[in-house]
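Please go through the strand pairing in the model shown here, one question at a time.

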Amino acid sequence: YWDGTQWLLLRIDSVVTDSDSVGNIYYTTPVSTSSPLTVAKKISGGTTAVALVNFDTDGGVDNRLRYTGDDTHIFTYICSLSFNGLANSNKDTYSFYIAKGSPSTTTAILPETKVDRYVQNGSDVGALSISGTVELSTGEWIEVWAKNGDAANGLDVNNFNILIQSIN
């Protein structure tokens, strides 16, 4: 429905169930994820949420999809992004991960989600996708994190999109 400013999802709780859960965020405000990236860090920058059902952005936290449904479910996700190393990067390998957290658990990378990409220099653009499944309970979230395995150089993400959907 139109609220006078924007279109909003018409939701009737007796019709929309946890199994209808879906979320999508995309990059709108790129910010360099600064070094050192010798330890994995959350990718910086603003994101915009689209068509969230049983998900939110945890009060506007960038690069976060938080599950708000009532029951624990398995979700499939896909993240696509393009990036380049900062100007001083040269022949660096960057690792990207899905990270999971909750108010009671420190956000941590899921090692099995690791995808590596090599860039020749700071102007070289790399592209990748990360896909898989994750189990989420109410209040848990996913984010995308990065690490530079060869040096302490940061990175610029140019485009970024995460889609998540319940599969059970």
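Q: In what order do the five strands of the open sheet lie?
A: The model is predicted, so local features need pLDDT of at least 70, side-chain atom pairs count only at pLDDT 80 or more, and totals for chains, interfaces and linings use all residues. Residues are numbered from 1 along each chain as its sequence is written, and side-chain values use heavy atoms, with hydrogens and water left out. Strands are DSSP runs of E with at least two residues, numbered from the N terminus, and two of them pair if DSSP finds at least two bridges between them. With antiparallel pairing, the order in this open sheet is β3-β1-β12-β6-β10.

Q: Which strands are the edge strands?
A: An edge strand of this sheet pairs on one side only. That description applies to β3 (46-53) and β10 (125-136).

Q: Which residue stands opposite Ile25 in β12?
A: Strand β1 (residues 22-29) runs antiparallel to strand β12 (residues 155-166), and five bridges join them. Opposite Ile25, the residue in β12 is Ile162.

Q: Which residue of β11 stands opposite Tyr97?
A: β7 also pairs with strand β11 (residues 141-148) in the antiparallel sense, over eight bridges. Opposite Tyr97, the residue in β11 is Trp145.

Technical notes
Helix = DSSP H or I, 4+ residues; strand = E, 2+ residues; numbered from the N terminus.
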